[in-house]
Amino acid sequence: MNLNELNRTCQSCQKCSLGKTRRNLVFGDGNPASPLMFVGEVPGQQEDATGIPFVGKAGQFLDDMLDLIDLDRSKYYICNIVKCRPPENRDPLPEEQDACMEYLRTQVRIIRPKLIVCLGRIAAMRLIRSDYKISREHGQWVQRGQFQMTALYHPAALLRNPRSRPDTFLDLKGLQAKINEVCPELYR
Ligand code: URA
């Protein structure tokens with residue numbers, strides 16, 4: 001299966017109740033040939049309206065953050081753990097996350113990134129370790145099979161809590177160094 005076929009399968013998904021309330025399924029955006037992948041939590045209102053991940057306030061803040069290390073969406077791929085917006089922006093239920101995980105696994109298998117960056121605690125707990133502590137472990141890299149993974153504070157959390165921004169600036173510098181080590185072609 002290629003990425004377009006997977007996207008088409010997802011677009012008609014009714015595996016959980018979010019299939020009934022979404023306006024658009026938010027599959028992913030950016031460059032699927034990139035070795036760098038970001039994984040967020042769940043689409044919000046703007047994402048649901050447009051079908052594109054990270055286009056609301058948090059997304060604009062993420063764009064500004066990544067601009068600091070010369071990354072734009074032509075250089076990475078971005079998607080979410082859960083591909084449909086829960087009503088009233090509630091947190092996705094465990095069964096909704098479970099229903100969606102296989103799509104993300106297939107996305108990763110097709111794209112085969114070298115670096116995966118989790119955005120926020122929920123993504124890190126799903127992808128790195130169920131007891132991941134983002135306040136202690138953000139910015140640290142772990143090897144997982146073919147790829148290396150880290151987590152950054154979620155951009156929405158950084159909007160709410162500006163005091164974490166200096167830490168994230170250091171984590172971004174760490175990501176830039178990791179790109180230069182593992183996939184320097186991104187910066188050419
Ligand atoms: N927050 C997320 O985690 N993902 C989005 O797509 C938008 C906001």
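Analyst: Helix H3 (45-50), helix H4 (57-67), helix H6 (121-127) and helix H8 (155-160) each place at least two residues in the lining of the largest pocket; helices (H or I, at least four residues) and strands (E, at least two) are DSSP runs, numbered from the N terminus. H8 contributes the most, with 4 residues. The model is predicted, and local features need pLDDT of at least 70, side-chain atom pairs count only at pLDDT 80 or more, and totals for chains, interfaces and linings use all residues. Residues are numbered from 1 along each chain as its sequence is written, and side-chain values use heavy atoms, with hydrogens and water left out.

A pocket here is an open set of points on a 1 Å grid over the protein atoms alone, where a 1.4 Å probe fits, with protein on both sides within 12 Å along at least five of seven lines; lining residues have an atom within 4 Å of a point. The largest pocket holds about 690 Å³ of space, a volume being the space filled by probe spheres set on the points, which are joined across faces, edges and corners. It is lined by 28 residues, of which Glu-41, Val-42, Ala-58, His-154 and Ala-156 are the closest to its centre. By class, the lining has 12 nonpolar, 9 polar and 7 charged residues (Ala, Val, Leu, Ile, Met, Phe, Trp, Tyr, Cys and Pro count as nonpolar, Asp, Glu, Lys and Arg as charged, and the others, Gly among them, as polar).

The ligand sits in this pocket, in the sense that more than half of its atoms lie within 2 Å of the grid points. Around the ligand are Gly-40, Glu-41, Val-42, Pro-43, Glu-47, Pro-53, Phe-54, Asn-80 and His-154, each with a heavy atom within 4 Å of it. This shell divides into 4 nonpolar, 3 polar and 2 charged residues.

Polar contacts are pairs of N or O atoms within 3.5 Å. A polar backbone atom of Glu-41 is 2.8 Å from an oxygen atom of the ligand. From the side chains, a polar atom of Asn-80 lies 2.8 Å from a ligand nitrogen atom, and a polar atom of His-154 lies 2.9 Å from a ligand oxygen atom. The ligand taken alone exposes 230 Å², and the protein buries 91% of that, with accessible areas from the Shrake-Rupley method and a 1.4 Å probe.

Key:
A polar contact is a pair of N or O atoms within 3.5 Å; within protein, one must be able to donate a hydrogen and the other to accept it, and residues adjacent in sequence count only if both atoms are side-chain atoms.
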